[in-house]
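Thanks for coming, everyone. Let me put the model up, and then we'll walk through it.

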Amino acid sequence: MKIAVVENVLKHNDEFAQLNRRQLREAGVCCVNLIGSPGCGKTTLLEKTLQTLKGEMRIGMLTGDIATTRDAERLAKYCENVGQINTGGGCHLDANQVRNGMAQLPLAELDLLIIENVGNLICPVGFDLGHDAKVGMFSVPEGDDKPAKHPRVVLESDLLLLNKIDLMPHVPFSWDVFRRDVESLREDGKLIRLSATAGSGVEEWLDWLRRSVAQKKE
Ligand SMILES: Nc1nc2c(ncn2[C@@H]2O[C@H](COP(=O)(O)OP(=O)(O)O)[C@@H](O)[C@H]2O)c(=O)[nH]1
Ligand SMILES: [Mg+2]
């Protein structure tokens, strides 16, 4: 009985995700779903992203949190089209919440929509939001064992990010262990090492975004 309930929830979610996907396709908007633990640096990276890309393309942001509008306030300094989704305790965003968030944005005027999911490496992975790409983000202080402990985010992400590489000299972290565990799960995975605060690797992330937006327009 419990299993049936879960299946129904996901089926319902997938129907909304398909509606979102169709709407985004019609508007020509590339949509990226950014997933990572609380504090891994998602909002910091998005602040940097907006600072560089806002002159090149039209960007919208949806940020998911259990409470507060703090991330939306941070991003609104660099972007007019920002929406905050409060889940009120929910540990992930679902497609219907994103649908409501999208309704607040001028989709036809955007090239790129980035969704900062609720900080969590587990629950958000299972929910299709209608996005074109899922990006899984880790950070150095979380430890080098996280890909092995969270295989689903590794297996299902179109791109993996390792943030806070500036902290490598200061915390125990083996890049070899991290990379080996990622590669043992998938050989084809694309992985970018970066520091959202110091800037290294950020240009590679921006290029990946530029290519994703260009592909959507083809
Ligand atoms: N040292 C270092 N700190 C970072 C980096 N990126 C983010 N932070 C810090 O990590 C903390 C959490 O960042 P935030 O962007 O709010 O994380 P979020 O919860 O994933 O959105 C803040 O204090 C950031 O300044 C980085 O590349 N290096
Ligand atoms: Mg954040």
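Is V135 buried or exposed? V135 is buried, at a relative accessible area of 0%. Buried means under 20% relative accessible area, exposed means over 50%, and partly exposed is in between, with a 1.4 Å probe and protein chains only.

Some ground rules. This is a predicted model, where local features need pLDDT of at least 70, side-chain atom pairs count only at pLDDT 80 or more, and totals for chains, interfaces and linings use all residues. Residues are numbered from 1 along each chain as its sequence is written, chains are lettered from A and ligands numbered from 1 in the order in which they are written, and side-chain values use heavy atoms, with hydrogens and water left out.

Back to V135. Its place is in strand β5. Helices (H or I, at least four residues) and strands (E, at least two) are DSSP runs, numbered from the N terminus. What does V135 touch, leaving aside neighbours within four places in sequence? The list is V32, N33, L34, I35, S157, L159, L161, W205 and W208. Contact here means heavy atoms within 4.5 Å. Q97, by comparison, sits 38 residues from V135 in sequence and 19 Å from it in space, C-alpha to C-alpha.

Now the core. A nonpolar core is a set of buried Ala, Val, Leu, Ile, Met, Phe, Trp, Tyr and Cys residues joined through side-chain atoms within 4.5 Å. The largest one has 29 residues. L112, L161, W205 and L209 have the most contacts inside it. Which elements each supply at least two residues of this core? They are β1 (30–36), α2, β2 (59–65), β4, β5 (133–139), β6 (159–163) and α8 (202–217). The largest share, six residues, comes from α8. Apart from this core lies another, of 15 residues, with I85, L110, L113 and L129 among them. In soluble globular proteins, nonpolar side chains tend to be buried together.

Look at W205. Not counting residues up to four places away in sequence, W205 touches L45, T49, V135, L159, L161, I192 and L194.

Next, the strands. Two strands pair if DSSP finds at least two bridges between them. Start with β4. Five of its five residues are buried. L112, I114 and E116 point one way, and L113 and I115 the other. β1 runs parallel to β4, joined by five bridges. In that pairing, V32 stands opposite I114. β2 also runs parallel to β4, again with five bridges. There, G60 has L113 as its bridge partner.

Then β6. Five of its five residues are buried too. One side carries L159, L161 and N163, and the other carries L160 and L162. β5 and β6 run parallel, with five bridges. G136 faces L160 across that pairing. On to β7 (residues 191–193): three bridges join it to β6, again parallel. L162 pairs with R193 there. Between them comes a helix. β6, helix α7 (residues 175–185) and β7 make a right-handed β-α-β unit. Right-handed means that, with the strands pointing away from the viewer, the path from the first strand over the helix to the second runs clockwise.

Now the metal. Which residues coordinate the magnesium ion, ligand 2? T43 through OG1, D71 through OD and E116 through OE, at 2.0 to 2.2 Å. Their spacing along the chain is T-x27-D-x44-E. T43 in helix α2 (residues 42–53) and E116 in strand β4 (residues 112–116) are 73 residues apart, so this pair links distant parts of the chain. Donors are N, O and S atoms within 2.8 Å of the metal (3.2 Å for Na, K and Ca), and water is not among the atoms, so sites may look incomplete. T43 is buried, at 5% relative accessible area. E116 is buried as well, at 4%.

Last stop, backbone angles. Most residues other than glycine have a negative phi, and most peptide bonds are trans. T68 has a positive phi of about 75°. It lies in the loop between β2 and α3 (70–76). T68 is partly exposed, at 38% relative accessibility. K164 has a positive phi too, near 65°. Its loop is the one between β6 and α7. K164 is partly exposed, at 22%.

That's the tour.
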